Amino acid sequence: YWTGAGTERVDNVAFEGAADRIRFVSRHGLTDGPDSLPRWVDLKQQEEPGGLSRLAIEEHRILSPDNQPGEPFIARAETLNCTNVRFEYLDLTGEKPRWLPAWNGKDRRAPLPFAVRIMCGSSNQSSQSTPVLVPLDFADSARQGLRLQ
């Protein structure tokens, strides 16, 4: 996506990965399925009454002119019961594969990770986390950072 910085256009990779949250643009919606309008998607831990928490997925409209996520969300779902959520990102650009605690496409040689690992701690498991591996499926051009002009 792009934003405006004064009179200049700044191109950004629509993927932001932190240890406690992921934000990206997708055309696959919770309520309208694949090949729908693009939207921002947030995955994050959502605290609930009684000390419970879940992994929440929220979709937001893309607002012009700077293509930022709109508030409030347009769709929301709660999935895994997690007392502690952590995200890790698979980097395959070096000699050995490695999991990183954050992913910023501006600072990486590859604009997108090859997979995301979600570590979900549960109150039923004292110190264990359940890993969920999500391979990212995107076009080769996106993986290489190429853009259509």
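This is a predicted model: local features need pLDDT of at least 70, side-chain atom pairs count only at pLDDT 80 or more; totals for chains, interfaces and linings use all residues.
Let us start with the strands. An open sheet of six strands runs in the order β9-β6-β5-β4-β3-β12, and the pairing is antiparallel. At its edges sit β9 (75-81) and β12 (103-104), each of which pairs on one side only. Further in, β5 and β6 pair in the antiparallel sense over eight bridges. One place to look is Leu43, whose bridge partner in β6 is Ile57.

In soluble globular proteins, nonpolar side chains tend to be buried together. Beyond its neighbours within four places in sequence, Leu43 is in contact with Asp20, Arg21, Ile22, Phe24, Ala56, Ile57, Phe87 and Ile118.

**Charged pairs**

How many salt bridges does a search of the whole structure find? There are eleven salt bridges, and here are three of them.

| Salt bridge | N to O distance |
|---|---|
| Glu58 and Lys44 | 3.3 Å |
| Arg117 and Glu88 | 2.5 Å |
| Asp91 and Arg98 | 3.4 Å |

Salt bridges that share partners join Lys44, Arg54, Glu58, Arg76 and Glu78 into one network.

Glu58 and Lys44 form a salt bridge; Glu58 lies in β6 and Lys44 in β5, so the pair ties together parts 14 residues apart in sequence. Are these two residues buried or exposed? Glu58 is buried because its relative accessible area is 7%, under the 20% cut-off. Lys44, at 18%, is buried as well.

Arg117 and Glu88 form another salt bridge, and this pair links strand β13 with strand β10, 29 residues apart. Here Arg117 is partly exposed at 23%, whereas Glu88 is buried at 13%.

Ser26 lies in strand β4 (residues 21-26) and counts as buried, with 16% relative accessibility. Its side chain reaches the backbone nitrogen of His28 at 3.0 Å.

Pro97 sits in the loop between β10 and β11 (98-100) and is exposed, with a relative accessible area of 58%. Leaving aside residues within four places in sequence, Pro97 is in contact with Leu90, Asp91 and Leu92.

Technical notes. Residues are numbered from 1 along each chain as its sequence is written. Side-chain values use heavy atoms; hydrogens and water are left out. Contact means heavy atoms within 4.5 Å. Helices (H or I, at least four residues) and strands (E, at least two) are DSSP runs, numbered from the N terminus. Buried means under 20% relative accessible area, exposed over 50%, partly exposed in between (1.4 Å probe, protein chains only). A polar contact is a pair of N or O atoms within 3.5 Å; within protein, one must be able to donate a hydrogen and the other to accept it, and residues adjacent in sequence count only if both atoms are side-chain atoms. Two strands pair if DSSP finds at least two bridges between them. A salt bridge is a side-chain nitrogen of Lys or Arg within 4 Å of a carboxyl oxygen of Asp or Glu.
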